[in-house]
Amino acid sequence: MDKQAKLLSSRLFLKHRQVEVVLNRSVLTWKEADKERKRSSGISEGAHSRSVQVCEIVAVSRTEDVDDKRTRKSRKEAKQHSQLYPHAFTVSYVMRTRRHQWRCSDVTFHCDNQELCDQWIRVTNEQLSLLTDRPKSLLVYINPFGGKRRGKRIYEQKVAPVFHRAGISTDVIVTERANHARDHLETEANLDKYDGVVCVGGDGMFSEILHGLVSRTQTDHDVDQNQLDAELVPCSIRIGIIPAGSTDCICFATVGANDPVTSALHIVVGDSQPMDVCSVHHNDIFLRYSVSLLGYGFYGDLLTDSERKRWLGPARYDLSGVKTFLSHNYYKGTVSFLPAEGNLGNPKDKQQCRSGCHICQHKPSSKDQHSEMSDKKEKSAKGDSGDWNVIHGKFIAINAATMSCACPRSPKGMSPSAHLADGTADLILVRKCSRLDFFRHLLRHTNKNDQFDHSFVEVHRVRKFRFQPQHLKLASLEDLSEPLQKKGFNPICSAQTACSYSAAHSSWTCDGELLPHTAIQVSVQCQLIRLFARGIEEQQQQQFVFEDPCTLWPLEQSTN
């Protein structure tokens with residue numbers, strides 16, 4: 001970067017100190033010009049030098065006089081300084097703070113030459129205009145009911161000022177009912193006007209936006225979503241998430257923090273993170289899309305019970321979780337899956353998905369992948385199992401994670417090594433076990449221990465899977481020897497005691513929504529959507545950015 005040609009280089013003033021300010025195509029740098037002072041004070045040159053990526057500059061504008069709260073002496077000094085150097089411009093840029101949070105910081109440079117000041121503003125803004133990935137117009141949906149009903153206030157107080165500073169125009173819609181945003185995107189929204197769609201809310205609000213955009217895209221391209229092997233068209237417009245819900249798993253797993261200002265700044269700088277989406281079918285009927293967790297058994301029962309306690313708010317999940325754990329039901333069924341082949345990672349490799357992940361960038365050709373899937377499905381339909389694996393068993397939980405599903409309560413997530421955009425999902429099978437063993441498995445979601453290091457837990461990285469429940473018609477001798485399920489709580493069993501057996505089936509939870517069918521087919525759609533995000537940055541990326549962060553995930557050309 002230092003070898004790039006300088007666009008501008010001047011000696012300006014920053015807080016009464018003379019600094020050398022240099023702008024090239026990708027970096028703005030300033031450092032103290034008084035080298036003799038540094039040598040005499042024993043301070044290294046780097047201690048008074050700062051660099052900002054041009055792609056992380058929010059805005060550059062002429063500095064307006066502000067009635068600040070400084071002391072009378074400091075205000076007097078500032079006034080004298082402004083009389084000597086009356087022309088100034090302010091650069092607003094991204095500053096990284098703790099735990100992956102971003103803030104908008106300002107630095108103001110003074111000079112005595114209006115022409116020089118105007119030149120800095122003009123040239124820097126010209127460089128910003130070359131960043132074509134940045135949005136200029138956004139469609140914003142606000143859920144006023146989600147979480148603690150703070151969505152509208154969060155947007156107006158924390159997000160709108162950031163968008164205004166960056167010169168982004170917005171059309172804001174406050175939703176009035178469930179699926180308002182989905183229905184509007186599917187039928188009414190003029191998406192040609194916008195560079196992105198932003199949802200202010202939780203995971204449920206994001207799911208509405210996801211379904212609206214994906215369905216609209218398939219309709220515009222005459223793709224039938226009910227076809228199991230339909231090659232879905234990726235959405236050309238990006239989605240931004242402003243976290244304002246009771247659960248913000250998707251935002252946490254793609255940014256690293258549930259912070260509205262951080263998410264707003266990722267949108268402003270035009271970040272682009274591709275994401276896989278699972279399409280879920282029952283026979284030839286499309287049910288839903290999923291981007292985080294598909295769960296049967298424990299999590300399906302938990303959500304079913306919590307839906308009856310919505311009046312409790314977010315606390316209903318804790319109460320239903322305890323009740324479901326004590327019930328300790330298991331279910332019979334058959335799981336068939338197509339394992340991921342030629343993939344660079346596996347669920348146990350401890351290699352977490354991070355910004356610029358090389359596994360996610362190793363994307364197979366969509367035509368080759370579609371042809372491979374069709375051939376394997378044809379073999380399976382003819383009775384040839386081909387590469388499909390089939391497992392019969394008794395399961396306490398069946399989970400499919402398209403991402404890590406990390407959240408503040410579970411910092412590593414349900415599948416810590418799952419990737420955002422590699423075209424696979426991690427299928428986690430928790431077989432029948434004791435309550436104590438299952439508790440140990442659940443506990444590992446909250447600590448750093450290996451979640452899959454149990455004999456009753458297996459995990460597979462898959463591209464497709466199917467589940468067929470087995471309903472009890474005639475009890476076998478083995479089943480008759482086990483206690484039948486009763487309503488309410490069962491006695492807590494020891495490590496040697498068998499689980500409770502349920503003749504009825506459980507329910508699937510799909511990103512927090514219950515599915516109406518238990519026999520489902522799931523296909524992973526590789527990089528079907530893109531978010532205004534860049535993945536979680538490593539700590540060294542938080543401190544020193546050695547490569548242009550805006551080129552980690554270049555935007556693909558629109559298919560329109």
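**Exercise 1.** Determine how many cavities of 30 Å³ or more the whole structure holds, and characterise the lining of the largest cavity.

*Solution.* The model is predicted: local features need pLDDT of at least 70, side-chain atom pairs count only at pLDDT 80 or more, and totals for chains, interfaces and linings use all residues. Residues are numbered from 1 along each chain as its sequence is written, and side-chain values use heavy atoms, without hydrogens and water.

Step 1. The search finds 5 cavities of 30 Å³ or more, a cavity being a set of points on a 1 Å grid over the protein atoms alone where a 1.4 Å probe fits but cannot get out.

Step 2. By class, 7 lining residues are nonpolar, 2 are polar and none is charged.

**Exercise 2.** Describe how helix α4 packs against helix α8.

*Solution.* Step 1. The axes of α4 (residues 151-165) and α8 (residues 260-268) come within 9 Å and cross at roughly 30°. The two helices are therefore roughly parallel, a term for angles under 35 degrees.

Step 1. The crossing of α4 past α8 is right-handed.

Step 2. Contact (heavy atoms within 4.5 Å) involves I154, K158, V159, V162 and F163 of α4, together with P260, V261, A264, L265, I267 and V268 of α8. These residues comprise 10 nonpolar, no polar and 1 charged.

Conventions:
Axes fitted to C-alpha atoms, helices over the stretch in contact; angles between N-to-C directions. Helix = DSSP H or I, 4+ residues; strand = E, 2+ residues; numbered from the N terminus. Parallel < 35°, antiparallel > 145°, perpendicular 65-115°, else oblique. Left-handed = near helix turned anticlockwise from the far one by under 90°. Nonpolar A, V, L, I, M, F, W, Y, C, P; charged D, E, K, R; others polar. 1 Å grid on protein atoms, 1.4 Å probe; cavity = no way out; pocket = protein on both sides within 12 Å on 5 of 7 lines; lining within 4 Å. Points joined across faces, edges and corners; volume = space filled by probe spheres on them.
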